[in-house]
Amino acid sequence: MEKVKLGDVAKQAGVSPTTVSRVLNNRGYISEETKTKVRDAMDTLNYFPNEVARSLFGNKTNLVGLLFPNVTNPFYGEMVSELESILSSQGYKALICNTFNNEKKEEEYLRMLLANQVDGIIVGSRNRPCDIYQSTNLPIVAIDRFVSEKIPIIRSDNYTGACLASEYLHEANCRNIVHVTGSTTQEMEKGDMRLRGYIDTMLKLEREPQIFQVGFDEDDDYQRLKVDEFLNLNPDTDGVFAAGDTLAGIINTCAKRKSLDIEIVGYDGTSTFLNLCGGISTIHQPINEMASIAVETLLGAISGVYCEDNKEYVLPVTFIKRRY
């Protein structure tokens, strides 16, 4: 079945294609009778106007791209949901893109979003920044990720959160406190503030930092296998600060299966995690506030409000102790 075109609507309504275009874009005087004919023709033919093409009259699409690793992760899922809700309340539609931590996929999505004339992008993907971010003048805001010198960042206070988690494990009399991180070696070298907070706290307490790396971009089965291997080799581990709640949940499952008593602190504090894993303490990120500032900053840039290059918004975190 062929796609219905604007000309088909014009023929059905008995008007010119120019008149249909004017009705769609609300340009110039058109009688209510003519508007009704055009709308009835659209309904009859099931015609849906090309929103992008219509928006070109005003150089604005009211579309925003959301570029994140994987919305099945509770943190990203809740963040994207909140972003979409706020954008919708401001009259914007969201194009949600899952990169699955794949650099090629992220670049393809970026090109697609630019080709579709989105008004801006909010990015939370963890890959290395590609050249497109540097070359485009499109308004972009990053969440907890450095993208380029000119792009503002909204993040929680990762350093303080790591210090709170590490101090709690120390005060809980854990003898062997390990930081399990999903960061790559490259990310560690660039400055993983959760890792830095953990190391600094351990050194301040005159304790030896112990770091175990599990790739964020690996699936749960792989991470579970790596955690199992680590606990088999280090059964005396009794305290873990996990860089994310998903990792914390995996560690908790593996520890219980081995009948190991491990005090665990995660990071994110999503509603999903708190409802399902109340037995694990966590550092809560203010997702709603982060999303609100991200949208406010992006829409400000879209409207032409000056935004300081690489401005960083750091929001406070809170420690949530396990309930049971």
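A: **Aromatic rings and their surroundings**

Tyr76 is buried, with a relative accessible area of 12%, where buried means under 20%, exposed means over 50% and partly exposed lies in between, taken with a 1.4 Å probe and protein chains only. The model is predicted, so that local features need a pLDDT of at least 70 and side-chain atom pairs count only at pLDDT 80 or more, whereas totals for chains, interfaces and linings use all residues. Residues are numbered from 1 along each chain as its sequence is written, and side-chain values use heavy atoms, with hydrogens and water left out.

Phe75 also counts as buried, at 6% relative accessibility, and Phe68, Phe75 and Tyr76 form one aromatic cluster. Rings of Phe, Tyr and Trp (the six-membered ring of Trp) are paired if their centres lie within 6.5 Å, and the pair is called stacked if the planes are under 30 degrees apart, edge-to-face if over 60, and tilted for the rest. A search of the whole structure on these terms finds 4 aromatic pairs. Among them, Phe75 and Tyr76 have ring centres 5.4 Å apart and planes at 65 degrees, which is why the pair is edge-to-face. The rings of Tyr168 and Phe319, by contrast, have their planes at 40 degrees and their centres 4.7 Å apart, so this pair is tilted. This pair links distant parts of the chain, since Tyr168 belongs to helix 8 (residues 158-171) and Phe319 to strand 12 (residues 318-320), 151 residues apart; helices (H or I, at least four residues) and strands (E, at least two) are DSSP runs numbered from the N terminus. Tyr168 is buried, at a relative accessible area of 16%, while Phe319 counts as partly exposed, at 28%.

Phe75 has a further partner in Thr270, which touches Pro74, Phe75, Glu78, Asp245 and Ile287 when residues up to four places away in sequence are not counted, contact being defined as heavy atoms within 4.5 Å. Thr270 is found in the loop between strand 9 (263-268) and helix 13 (271-276), and is buried, with a relative accessible area of 1%.

Arg194 lies over the face of Tyr267, at 3.7 Å from the ring centre, and the charged end of Lys311 sits over the ring of Tyr313, 5.1 Å from its centre; a charge counts as over a ring if NZ of Lys or CZ of Arg is within 6 Å of the ring centre and within 35 degrees of the ring normal.

Among contacts between residues at least 6 apart in sequence, 66% join residues at least 24 apart.
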